[in-house]
Amino acid sequence: MIHQRRIRPEARGIGMTSQGTRDRLVQRLRDKGIEDERVLQALAATPRHQFVDEALSSRAYEDTALPIGQSQTISQPYIVALMTQALLDGGQPQKILEIGTGSGYQAAVLAQLVPKVFTVERIDELLRTARRRFHAVGLHNIFTRYADGHLGWPTQAPFDGIIVTAAAKQVPQALLDQLDEGAALVAPIEQSGGQQRLKKFTRTEEDFDEQDLGAVVFVPMLGGLI
Ligand code: SAH
């Protein structure tokens, strides 16, 4: 089966939500140091205004996080680009797992870059809204699961990459276990002082390489379902 990986033209927007507005955002990301052209193109093609409440559409192309309800946020575009770039790392993964679907924006960006995106969310209402959005923009290669992301998605493992979009004190072991050899996990990790650092863990033959990608601010990774 061929899954649709391109945004439907009708979903692309006009005025404050037009291609020109998105292109200006992408230029800012380029200026801030995002270099992977595939990632920049995916952000240019993704109608972020479709992933926030209509009342916030006019702010959808500011490079900031925005509220999405349930005390959660859609990530800042620069951070989405940075994490996506780190995850692809110049290669071509086939299967990516995301923990924390939220608005669905990060998954939508990924879905244009890899054949299959698996995404897990613990808040049912957010997941339902995200699914509607994937359908509305015409992306049909995103597979969703209502579950506690600490457990990953064992029946679909191993993954060529895992992206965690909520901050934990440490990476859940189950997620590390679901990484294929050579694959990377990108996640915000809360440090002892409470600040968060974006980390990349790459699975080697017998261990993990750890890389620091800078300071970030994410909502916490929590347990249980809502
Ligand atoms: N990737 C999202 C960012 C959403 S914010 C986007 O592009 O919009 C982080 C999300 O992680 C929230 O929706 C929150 O409910 C979810 N989350 C937090 N802990 C989780 C867990 N244990 N399992 C699954 N999702 C979790």
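K199 and E210 are joined by a salt bridge, with their closest N and O atoms 3.2 Å apart. K199 belongs to strand 8 and E210 to strand 9, so this pair ties together parts that are 11 residues apart in sequence. The structure is a predicted model, in which local features need pLDDT of at least 70 and side-chain atom pairs count only at pLDDT 80 or more, while totals for chains, interfaces and linings use all residues. Residues are numbered from 1 along each chain as its sequence is written, and side-chain values use heavy atoms, with hydrogens and water left out.

A salt bridge is defined here as a side-chain nitrogen of Lys or Arg within 4 Å of a carboxyl oxygen of Asp or Glu. By this rule the model contains 10 salt bridges. Strands (DSSP runs of E, at least two residues) and helices (runs of H or I, at least four residues) are numbered from the N terminus.

K199 also meets D212 in a salt bridge, at 3.3 Å from N to O. This second pair again links distant parts of the chain, for D212 lies in strand 9 and K199 in strand 8, 13 residues apart. R197, K199, E210 and D212 are linked in a network of salt bridges.

Another salt bridge joins the side chains of D63 and K32, at 2.6 Å from N to O. D63 is placed in the loop between helix 2 (37-45) and strand 1 (66-69), and K32 in the loop between helix 1 (19-31) and helix 2, 31 residues apart.

The table gives the exposure of residues in these pairs. Buried means under 20% relative accessible area, exposed over 50%, and partly exposed in between (1.4 Å probe, protein chains only).

| Residue | Relative accessible area | Class |
|---|---|---|
| K199 | 11% | buried |
| E210 | 53% | exposed |
| D212 | 37% | partly exposed |
| D63 | 13% | buried |
| K32 | 44% | partly exposed |

The surface carries a further charged feature. D180, E181, E205, E206, D207 and D209 form a negative surface patch. Such a patch is made of residues with over 30% relative accessible area and no salt bridge, like charges being joined within 9 Å. Asp and Glu count as negative, and the place of the charge is taken as CG of Asp or CD of Glu. One member, E206, lies in the loop between strand 8 (196-203) and strand 9 (208-216). E206 is exposed, with a relative accessible area of 74%.

Key
Patch = residues over 30% accessible without salt bridge, like charges linked within 9 Å, V, L, I, M, F, W, Y side chains within 5 Å. Areas by Shrake-Rupley, 256 points an atom, 1.4 Å probe, with all protein chains shown as cover.
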